[in-house]
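Take a look at the fold as a whole before zooming in.

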Amino acid sequence: MFRRTFSRFCAGEEKRVGTRTVFVGNHPISETEAYIAQRFCDNRIVSSKYTLWNFLPKNLFEQFRRIANFYFLIIFLVQVTVDTPTSPVTSGLPLFFVITVTAIKQGYEDWLRHRADNEVNKSTVYIIENAKRVRKESEKIKVGDVVEVQADETFPCDLILLSSCTTDGTCYVTTASLDGESNCKTHYAVRDTITLCTAESIDTLRAAIECEQPQPDLYKFVGRINIYSNSLEAVARSLGPENLLLKGATLKNTKKIYGVAVYTGMETKMALNYQGKSQKRSAVEKSINAFLIVYLFILLTKAAVCTTLKYVWQSTPHNDEPWYNQKTQKERETLKVLKMFTDFLSFMVLFNFIIPVSMYVTVEMQKFLGSFFISWDKDFYDEEIHEGALVNTSDLNEELGQVDYVFTDKTGTLTENTMEFIECCIDGHKYKSVTQEVDGLSQTDGPLTYFDKADKNREELFLRALCLCHTVEIKTNDAVDGVTESAELTYISSSPDEIALVKGAKRYGFTFLGNRNGLMRVENQRKEIEEYELLHTLNFDSVRRRMSVIVKTQRGDILLFCKGADSAIFPRVQNHEIELTKAHVERNAMDGYRTLCVAFKEIAPDDYERINRQLLEAKMALQDREEKMEKVFDDIETNMNLIGATAVEDKLQDQAAETIEALHAAGLKVWVLTGDKMETAKSTCYACRLFQTSTELLELTTKTIEESERKEDRLHELLIEYRKKLLHEFPKSTRSLKKAWTEHQEYGLIIDGSTLSLILNSSQDSGSNNYKSIFLQICMKCTAVLCCRMAPLQKAQNLCFILPQFLYQFFCGFSQQPLYDAAYLTMYNICFTSLPILAYSLLEQHINIDTLTSDPRLYMKITGNAMLQLGPFLYWTFLAAFEGMVFFFGTYFLFQTASLEENGKVYGNWTFGTIVFTVLVFTVTLKLALDTRFWTWINHFVIWGSLAFYVFFSFFWGGIIWPFLKQQRMYFVFAQMLSSVSTWLAIILLIFISLFPEILLIVLKNVKRRTARRNLSCRRASDSLSARPSVRPLLLRTFSDESNIL
Amino acid sequence: MAMNYNAKDEVDGGPPCPPGGTAKTRRPDNTAFKQQRLPAWQPILTAGTVLPTFFIIGLIFIPIGIGIFVTSNNIREIEGNVFMYYGLSNFYQNHRRYVKSRDDSQLNGDPSALLNPSKECEPYRRNEDKPIAPCGAIANSMFNDTLELFLISNESDPTPVPIPLKKKGIAWWTDKNVKFRNPPGGENLEERFKGTTKPVNWLKPVYMLDSDIDNSGFVNEDFIVWMRTAALPTFRKLYRLIERKNDLHPTLPAGRYYLNITYNYPVHSFDGRKRMILSTISWMGGKNPFLGIAYIAIGSISFLLGVVLLVINHKYRNNSNTADITI
């Protein structure tokens, strides 16, 4: 939202124009034309939410948008305005505490963002001004400035490449920080500015760039540069994404470049892609909110019940106003309706602690601190890249325990994306190297092994195609600058497939030596150097799924080489020898190799003229360039001759299969998205054990549907059939088909693109994933899981906290008399109970880390928010209600006697409340202690510390006559209370009664589990399950009973 | 990207560089805390630990319960000091309007609060333009019946012998000595309360509550006891002590007693009742069967459960020889 307003402010009217004009170096083009400086925003990146000035109002506003905070603010205001039983401090102080803690946390996070912003904004850049290299801060860059960038620096804004230190005006860029692709991409300068590679010469450039207004798509850019040289007519050149250097990308393997800034600051593509720190709400928080509403409802009910009863009770005059307790004149005169309303509000205020004010702050602290544990974890540390886990937002930590679906890319994620040329087929004849370890360079004479030889010419044509049809570049080392024929050729390409193919060709004797002066040089099997003039490159795109080059041989022939996916090539070739190649391709795909088909065609000079014109036209178009180019490409790439096919292997990542298996066992549904051939993908899925041999595959592909008129009908039939199959398997499942199929591991589903578009649903192969085993471990982190628990726990605490208060109303004439002292009301959530639960949620490990990592099945138990389901919630609620009753009525019966002391002295209402409160604090804390399975010194410290603090605080609070208090209600109440043996006995008894159900449940679960274990060990004696360490049931304790038997 | 920050870097401050090492290592510290491998005590609730707990609880609770119960039931016998209580029922001392209607500063002897009582005391704050001392509804409604106990020693002599009732020692020590104080001033208590008026319902002003100056004014123990508001609408308050004279005679020997009540305090208007209770007190206070019964009940349940579980556990153990026993 902020960004939008910001960019609106910056861009202003240009937005409507649709294009912007940038003067290179901010030099006006002609004297006659008045140079109107267009206003663009500066190059400052703002990712922080607050400034020093607006932090307080803005942060407060944000915080009070949160339902609980807002609720407490309302309560606070009610307390301030209306005569309420408790002073505003009781809710004001906790609210203040919560707001402060959250503000500090958010302020800290924002400070980090400020620092990161500053790092970027204040970094040094060099700008060419008046033919001089001027050092500036990054944020000072204006649109139109010519910027110099050195190797391994990141681009400070979106630049149009003007020239580089290389003669051909190219540079290599890695966009790892933008889209995660770490390979080098080549960017080009327009031909006319290539030579301007010094500060002086670049300053003489008079040019204007017209380009579209900023838009977030990283891969789209349309522009035109008009170059004015020596008062001649302007030369117009088209600009595309290959000319645009994006902010955030890094310059590689190029010493320096000059570029002109076109988009700056918040208008850069990176900034436009930045989603802001969006408020993601985790499922846990959502369910907390849901339960909050339930509690709000209970609160309102309680208040309404009390108000009603109050007026029923007061209908007897001596109850309403006995002689000893008369109302003031003002009270008598107040309207009855108004009185009822204020009474209702008063009851709300009295019971408002049922909604724990500190719950959000505990949850937030837990997440915040928990994220440190994630980043501290050395198991996530990658030795190779020297990076540990990075926590971008702590809002969703616990969601790691709730993952249902894993979507994965195949290439580069499941596989290493390091390709190896395996074999090829030329005219249907298979060529395969016997030993892949043999260095290709030494093999100079022909294919290593050929089962059946193809025509020598065809063979060479095929290999030339491999050498020419690509976008591979040669990296030349600085030391041997210009020596292209060095033995060490390093290929750089955006696609590892191409490198593999070029290397493959090299193994068969054709070596690509790089570009020189627009000529592609290839060394053939006879060690001769062939040169080809590269006329056009029809780049690869994912829609066409092929790429082509048009080259001119030394003899002047014009050839088009095309390579691409079989489905993209076969329809476009004319010869009838497809069948053999096709079979070959299928077989390779079955083996899990990536296949590409290669085709060529000769272009007559006349045709070329036409093609050339069309291509240039399309390239120059400012509007709809993509569509136009696509159409031209489509026209060109027809009637080709199929030469052969290649097979490249993409190796599986280390431990990919193990990870997939673990994910499966954890009950996650893994989906693989891939652009590969279905057979390739399928075999990869088998290789990484996503599909087991027992897996029944449900295929929704063009093959199963068949090319027929009645596609839809057939598809429908299949869908019905599959659903029936799955529903039969899960008779009770009422879920949609989509969910059901992956429910069971034994089913795998394959959908291909064309079928998909039929269903109008975005999906792909059912498949799997890898992030090495790292991801798996994250999922199973205890911290992630356990914070789900504390919410009901804490809410229950507050229910048993407030229930005695409610019951007390029945004994005090519904007069809203608080049972506890204001200090206790205030401190309960902040001091007495918050730390143990925080420590518990951070440190608890119900199950040993090693057990967790070794048995992914345990993950299944926690997904689907198992712990925040209605069942456990009700259980906690009823338990809390029981405890509240015990606290209150236990003390009530205790007070039936004349005296609790051996000297016959009597206690008052504050002692009553203090006894209840003491039992409450001890019970709640000890209950947590009972739940704690993992007692570190921190747990000991906070649990016993909290209790000690409570006792200490009570003595202290009652030990002094506080001058600022209107009433000294608590004076020596606690000490006096402890002087009575009866009170001690009663407190111990009540604590024990309250904990009794909990203890009983633990024992019962143990017995039950044991029975389950017995059944289990009978059924599968050999299963490793029976040997599982003894801590297991402790996890299960909070699950529904059915889940007890794994 | 500028938007991301590495929490580890920021907070950690980076681990100390290894000696001689130049490059800052981003490797997380291998400390027990950060790796969540702090040494921990992991109690495992097994049959072996839970069952004895049940038995022990049973074995401890039942005797305690019996002890309490017996003590509580023996209280009837009038031996040792006897405590005289008055009881009121349906009297809401815990009503919010009532509870807050007092001024503790005034009661603590603060001269300014004496003449200008807190607003909380309304409508018992001022009377005829004079501040009320002590102000508020609680003070105003102080119990003012007088109870006197006489013993008719024998049938032949009908003259009742008054039983000596001790007025002091019925309030909390801290209340009597710290929380409640008379306003400062001269020897004369009346002078110290100058400028104030008595509560509307009182018969006499606060400085005339007792002839003993240490038990008059705000530090009058009857007053202090009344000011400690009761928790429930039916309550008792300590009125007098009857001290045992010597070990030879019971404090209150058997005989006919005669209770003289000077009736000032109206309770019918709010449907209330008055009571007078004479009770001895044991180490655990007055007679109260609740604690004893509860202890016995819980102890028995615990013990019983222990037995049941033991049986189940035993049965199970016999049934399967192979499975491990840990829970």
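This is a predicted model: local features need pLDDT of at least 70, side-chain atom pairs count only at pLDDT 80 or more; totals for chains, interfaces and linings use all residues.

Residues are numbered from 1 along each chain as its sequence is written, chains are lettered from A and ligands numbered from 1 in the order written, and side-chain values use heavy atoms, without hydrogens and water.

Start with chain A. Its secondary structure comes to 38 helices and 29 strands (DSSP runs, H or I of at least four residues for helices, E of at least two for strands). Of its 1046 residues, 57% count as buried, meaning under 20% relative accessible area with a 1.4 Å probe, protein chains only.

Now the helix pair. In chain A, the axes of α15 (residues 456-468) and α16 (residues 496-507) come within 8 Å and cross at roughly 140°. Leu463(A), Leu466(A) and Cys467(A) in α15(A) meet Leu501(A), Val502(A) and Ala505(A) in α16(A); contact means heavy atoms within 4.5 Å.

Last, Ser141(B). It sits in the loop between α6 (137-140) and β4 (146-152) of chain B. Is Ser141(B) buried or exposed? Ser141(B) has 0% relative accessibility, so it counts as buried. A polar atom of its side chain lies 3.1 Å from the backbone oxygen of Ile138(B). Beyond neighbours within four places in sequence, the contacts of Ser141(B) include Trp323(A), Tyr324(A) and Trp226(B).

Methods. Axes are lines fitted to C-alpha atoms, for helices over the stretch in contact, and angles run from 0 to 180 degrees between N-to-C directions. Buried means under 20% relative accessible area, exposed over 50%, partly exposed in between (1.4 Å probe, protein chains only). A polar contact is a pair of N or O atoms within 3.5 Å; within protein, one must be able to donate a hydrogen and the other to accept it, and residues adjacent in sequence count only if both atoms are side-chain atoms.
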